[in-house]
Amino acid sequence: MPKASDTLWDLAIAEVEKRENPDDDDDVKPGEVWGKSILFMGNKNGGKTTIILRCLEREESPKPTLALEYTFGRRARRHNTPKDVAHFWELGGGTSLVELIRIPITVHNIRSFAVVLVLDLSKPNELWTTMESLLQVTRNHVNKIVTKLEKTNPEVAAEIKQRMWNNLQRDHPDSALVDPFPIPLVIIGSKYDIFHEFDSEMRKIISKTLRFVSHYYGASLVFTSKSEALLLKARALINHLAFGYDKSKSVSVDPSKPLFIPAGLDSMSQIGPPPASDSDLGKMRANTPLELWKKVFEKTFPPKSFSDLQDTKDPAQDSQYAEYEVDVMRAQKNQELEQYKRNASKSWKEMDFDSD
């Protein structure tokens, strides 16, 4: 029963959790099928909304995402069967709002959750910083949930830990060199049409690095653009996560073409060493393979500072969200705040700090 103090976010979260946990609600209709949840995150203006709309077969024009947005899709696997439901969350603002990932990923839905990381291939100097920031915060949050489950539901915690390794065949030679992400992960390199115009050596370094990162995290990797053929490949990976469709076994690793590598179908031997000379590699100090690849990549593509990636635009000033009554009240409150600041500053300056 909603409380009067509940915010719109509280009600939305409660509704989603109710949908994803039908056992907790006596009103759920028999035979209803409940599906998976996917969080899309990545570069600001990287194409996340376009990919989601294409997956849901919606002919809408994408709009800028404000904070955290939610939508859903339905699919029937067979004729006359209940439709599966997939919950799609999209994190806006690049890396600036990453703490909001705690809203959609909860202890109740962790078993059915996946992440899609969209990286803008046309901005290689932002690529590693964006990837590292978003995946680190997400991983830390998921690990906290798993730690909690180890105390309350150890069987589920064990299942999550075991599933991390499902994409690697038993006795895989890379098992000691990788660190699988705790929940299913797809990495999408967007804007391939712009990336394709880069110098061939730059494309090779970026492609090779993303192959390593994806294999290291046990993730699938696909390059896409507005091209219908490439969007269909990305859609195939997402439909596998969202609706349980068959996983594609095709692989494309040619750096002169769009990459398409489902999780578990790559290897360190095929990827090869980091793209640097032996002498340069010998000078680089790194504790993990991931750290070594980071140093090599950022030598070619120096990263932008974290503050440069923050979304500094105030959504309240965006004309698409204009509401006359709200805006008038906000202007009044801003004036009151400025007056308070001036009064407080005056009072502070008049205070006598001399001690007797």
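This section describes the sheet, a helix pair and the nonpolar cores of a predicted model.

The strands form an open sheet of seven members with mixed pairing, arranged in the order β2-β3-β1-β4-β5-β6-β7. Strands β1 (residues 37-42) and β4 (residues 113-120) run parallel and are joined by six bridges. Within this pairing, Leu 117 of β4 is the bridge partner of Met 41. Helix α6 (residues 200-216) packs on the sheet, where β4, β5 (185-190), β6 (220-223) and β7 are touched, and the direction of α6 makes about 155° with that of β6.

Helices α3 (residues 124-152) and α4 (residues 154-163) pack with their axes 6 Å apart, at an angle of about 140°; α3 is therefore oblique to α4. On the α3 side, the contact is made by Val 146, Leu 149, Glu 150 and Thr 152, and on the α4 side by Pro 154, Val 156, Ala 157, Ile 160 and Lys 161. By class, six nonpolar, one polar and two charged residues make up this contact of α3 with α4.

The largest nonpolar core comprises 54 residues, of which Leu 39, Met 41, Leu 117, Leu 185 and Ile 206 touch the most other members. Helix α3 gives the most to this core, with nine residues. With residues up to four places away in sequence not counted, Leu 185 touches Val 115, Leu 117, Leu 135, Tyr 217, Ala 219 and Ser 220. Another core, of 22 residues, lies apart from the largest one and includes Ile 52, Val 222, Ala 234 and Leu 237.

Key:
Residues are numbered from 1 along each chain as its sequence is written. This is a predicted model: local features need pLDDT of at least 70, side-chain atom pairs count only at pLDDT 80 or more; totals for chains, interfaces and linings use all residues. Side-chain values use heavy atoms; hydrogens and water are left out. Two strands pair if DSSP finds at least two bridges between them. Helices (H or I, at least four residues) and strands (E, at least two) are DSSP runs, numbered from the N terminus. Contact means heavy atoms within 4.5 Å. Axes are lines fitted to C-alpha atoms, for helices over the stretch in contact, and angles run from 0 to 180 degrees between N-to-C directions. Angles under 35 degrees count as roughly parallel, over 145 as roughly antiparallel, 65 to 115 as roughly perpendicular and the rest as oblique. Ala, Val, Leu, Ile, Met, Phe, Trp, Tyr, Cys and Pro count as nonpolar, Asp, Glu, Lys and Arg as charged, and the others, Gly among them, as polar. A nonpolar core is a set of buried Ala, Val, Leu, Ile, Met, Phe, Trp, Tyr and Cys residues joined through side-chain atoms within 4.5 Å. Buried means under 20% relative accessible area, exposed over 50%, partly exposed in between (1.4 Å probe, protein chains only).
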